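Take a look at the sequence and the 3D structure below. Then read on for a short tour.

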Amino acid sequence: MKLDHFETTILFALVCSVILGLVTKKTDEERLRYGLYCFGCFMAALFGIGWAMRILHG
Amino acid sequence: MPANAVTAAPIAPLRSPILLIPLAWFVPGAGHFLLGRKWRGLIVFATVLVTFLVGVAMRGPLFHPVDNGDVLSRLIQFGGYLGDLASGVFYFAATFMGYGPPDVAGYSPDYGSKFIVAAGLLNILAIVDAYEISTRQKD
């Protein structure tokens, strides 16, 4: 299987967010919200670092 | 007991952590399943399996402890080996079936290797969660 960097990172963020949401909160609603929050943080880091590399590297 | 007393909700049967932790390690999600959290156990199992299989599909090499090399390399290899091992039955099934691609250059096998380790680390998080449930520290 050959995924590019972006697809791989999205997949990694997804599986990590599922487990982080599952093991950290008490109710199902809190778990869902925290999982989505983690996924959002992963995405923010992905796009932030991606753009930073593009700007700094040229 | 007063007539208007509220009866407590039935508490899921708690298991001994001594049995629970090795089982939760060997079969990801089994700890939650035994504690009556069947859906959560199923999600843990599926997530760890998908992560491991993605790593295998990307031909990620497994880590092995080495005796030669500098301290940092040995530490990375040993840490990666522990991460691989934490996947439990998936790691043993893969090695039993002869999985062991060479460590070649390229980003895809490199990501694959990290996915296999991440599967084990996610399983460790699930084991800790199952332990806390079994000791009534959380629901």
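## Helices and a shared core

Chain B has six helices and zero strands. Helices (H or I, at least four residues) and strands (E, at least two) are DSSP runs, numbered from the N terminus. This is a predicted model: local features need pLDDT of at least 70, side-chain atom pairs count only at pLDDT 80 or more, and totals for chains, interfaces and linings use all residues. Residues are numbered from 1 along each chain as its sequence is written, while chains are lettered from A and ligands numbered from 1 in the order in which they are written.

Helix H6 of chain B covers residues 107-134. Its expected span is 1.5 Å times one less than its number of residues.

After H6(B) comes Arg136(B), with a positive phi near 65°.

Now the two chains together. Contact means that C-beta atoms, placed from the backbone, lie within 7 Å. Chain A brings 13 residues to the contact and chain B brings 19 residues.

The largest nonpolar core has 35 residues. Such a core is a set of buried Ala, Val, Leu, Ile, Met, Phe, Trp, Tyr and Cys residues joined through C-beta atoms within 7 Å. Buried means 20 or more other C-beta atoms within 10 Å of a residue's own. H6(B) gives the most to this core, with eleven residues. Ile19(A) is among the residues with the most contacts inside the core. Its partners include Val44(B), Leu122(B) and Ala126(B).

Methods. Two residues are in contact if their C-beta atoms, placed from the backbone, lie within 7 Å. A residue is buried if 20 or more other C-beta atoms lie within 10 Å of its own, exposed if 12 or fewer, and partly exposed in between; C-beta atoms are placed from the backbone. Lists of a residue's contacts leave out its neighbours within four places in sequence.
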